[in-house]
Amino acid sequence: MKKITILCHDISNNALGRAWVLARLSEPEYSATIVGPALSGDIWAPLADGGGSAIRMLDQGDQRRWIEAIDGDILVAVKPRRDSLTLALHASAAKPRPVVADVDDWEMAFFYDYPARMAKHLVAVSSPRNVYRTLAAQRRIPLANGITVSSTWLQRRFGGEIIPHARNADVFDPSRLDRLAARARLDVTDSDVVIMFLGTVMKHKGVDLIAEAMTRTGRSDLLLAAPFGGDSGLGRSIRTRPLPPTSIEELPSTLIAADLIVLPQRHSRSAAAQVPAKVFDALALGIPVIASDVSDLKEIVGSGGMTVPPDDVDAMADAIRRLASDAGLRRQMSASARARFLANYSEDAVRPRWLGAIERAERHASL
């Protein structure tokens, strides 16, 4: 069996989530291992147990030793970064084998949208994540034998095949999960309408917009469950429940408590390029989605929810109010969401596209 080595520039942050998706899509046709340094010292908490995939931490230090440790027959670089794509190309130069560049974010957008980050990484000349190394890695994307991306925006910019953040249909099967127990753990009642946001809290994610929209609905039965507590300041105007760190394995049994998943992406470079993985979690579990109309979210959500203009709090409030007051509509959207997931975004649906991209990269490398 051929081996795929998936290079992740930092296995201590959420970049590991995309690497894990690609590892699962590679199996059982290939033996897949994720490798990379952990810049914060530990493996990203949701995948600390590996999530059923092999994850190997590279000691921070000599890249020549890293190249020797990269033993796959095919190399997949998650994100165009120095310690993923640049490293994969060096490893392929030392021992020829196909390289696939996977792009699921426009990395430079995080510098443009976050000036403090830009300033920090302009002067951090020794950092593997500084502006110069990131831009250099991005320019190397065309050197790969194959390119995969996660959105049409990225496809227009870099080319390649779109590979969504697929999920396992059996693991994310709502009929196998105990919704009542999940809601009991949150200490919510049957009459509560639980809105959930479970992801990385960053400015372009627009989590503060959810709280403002909830306030504008005038409804007292709404409750926001998210990965922060009352000290976030949101609890001053709305009811909240903190969500503890959740492993990939525990994720479905946490999300199933929700009545709605809201993804209020702001109008920004970062949001335009990416597709949040949480939209696929929601669709898989048949949870209606309210999302900003950025990137591919409108097409992905379809009849499984609603989309609103980005940064439009009134439109988001109207969507929340409508779905909160109509359980029948939520049930209708729930069924549609699950059907859309099974047809387009499950591992079984996406795997042939991923394997096809690998095969094309192998053929290109052999020319």
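Visitor: How many residues line the second largest pocket, and which of them lie nearest its centre?

Guide: The lining of the second largest pocket has 13 residues, and R179, A258, D259, G286 and S334 lie nearest the centre. This is a predicted model, in which local features need pLDDT of at least 70 and side-chain atom pairs count only at pLDDT 80 or more, while totals for chains, interfaces and linings use all residues. Residues are numbered from 1 along each chain as its sequence is written, and side-chain values use heavy atoms, with hydrogens and water left out.

Visitor: What makes a set of points a pocket, and what makes a residue part of its lining?

Guide: The search uses a 1 Å grid over the protein atoms alone; a set of points where a 1.4 Å probe fits but cannot get out is a cavity, whereas a pocket is an open set with protein on both sides within 12 Å along at least five of seven lines. A lining residue has an atom within 4 Å of a point. The second largest pocket contains about 250 Å³ of space, where a volume is the space filled by probe spheres set on grid points joined across faces, edges and corners.

Visitor: Which helix gives the most to this lining, and how do the lining residues divide by type?

Guide: Helix α15 (residues 327–344) gives the most to the lining, with four residues. Helices (H or I, at least four residues) and strands (E, at least two) are DSSP runs, numbered from the N terminus. Seven of the lining residues are nonpolar, two polar and four charged. For that division Ala, Val, Leu, Ile, Met, Phe, Trp, Tyr, Cys and Pro count as nonpolar, Asp, Glu, Lys and Arg as charged, and the others, Gly among them, as polar.

Visitor: What makes a set of residues a nonpolar core?

Guide: A nonpolar core consists of buried Ala, Val, Leu, Ile, Met, Phe, Trp, Tyr and Cys residues joined through side-chain atoms within 4.5 Å. The largest one here has 36 residues, of which L186, M196, L255, I261, V279 and V289 touch the most other members. Helix α12 (residues 278–284) gives the most to this core, with five residues. A second, separate core of 30 residues includes I6, A23, V100 and A361.

Visitor: Why is V289 called buried?

Guide: Buried means under 20% relative accessible area, exposed over 50%, and partly exposed in between (1.4 Å probe, protein chains only). The relative accessibility of V289 is 0%, so V289 counts as buried. V289 lies in strand β12 (residues 289–292). Not counting residues up to four places away in sequence, V289 has contacts (heavy atoms within 4.5 Å) that include I261, L263, V279 and A282.

Visitor: What makes the pair of W106 and W153 tilted?

Guide: Rings of Phe, Tyr and Trp (its six-membered ring) pair if their centres lie within 6.5 Å; planes under 30 degrees apart count as stacked, over 60 as edge-to-face and the rest as tilted. The structure holds two aromatic pairs. In the pair of W106 and W153, the centres are 5.2 Å apart and the planes stand at 35°, so the pair is tilted. W106 lies in the loop between β5 (99–103) and α4 (107–113), and W153 in helix α7 (residues 152–158), so the pair ties together parts that are 47 residues apart in sequence.

Visitor: What is noted about phi at K79 and D187?

Guide: Phi of K79 is near 75°, a positive value in a residue other than glycine. D187, also not a glycine, has a positive phi of about 60°. K79 lies in the loop between β4 (74–78) and α3 (82–94), and D187 in the loop between α8 (179–186) and β8 (193–196). K79 has a relative accessible area of 6% and is therefore buried, whereas D187, at 59%, counts as exposed.

Visitor: Which peptide bond is cis, and what is its omega?

Guide: The bond from E27 to P28 is cis, with omega near 5°. P28 lies in the loop between α1 (15–26) and β2 (31–36).
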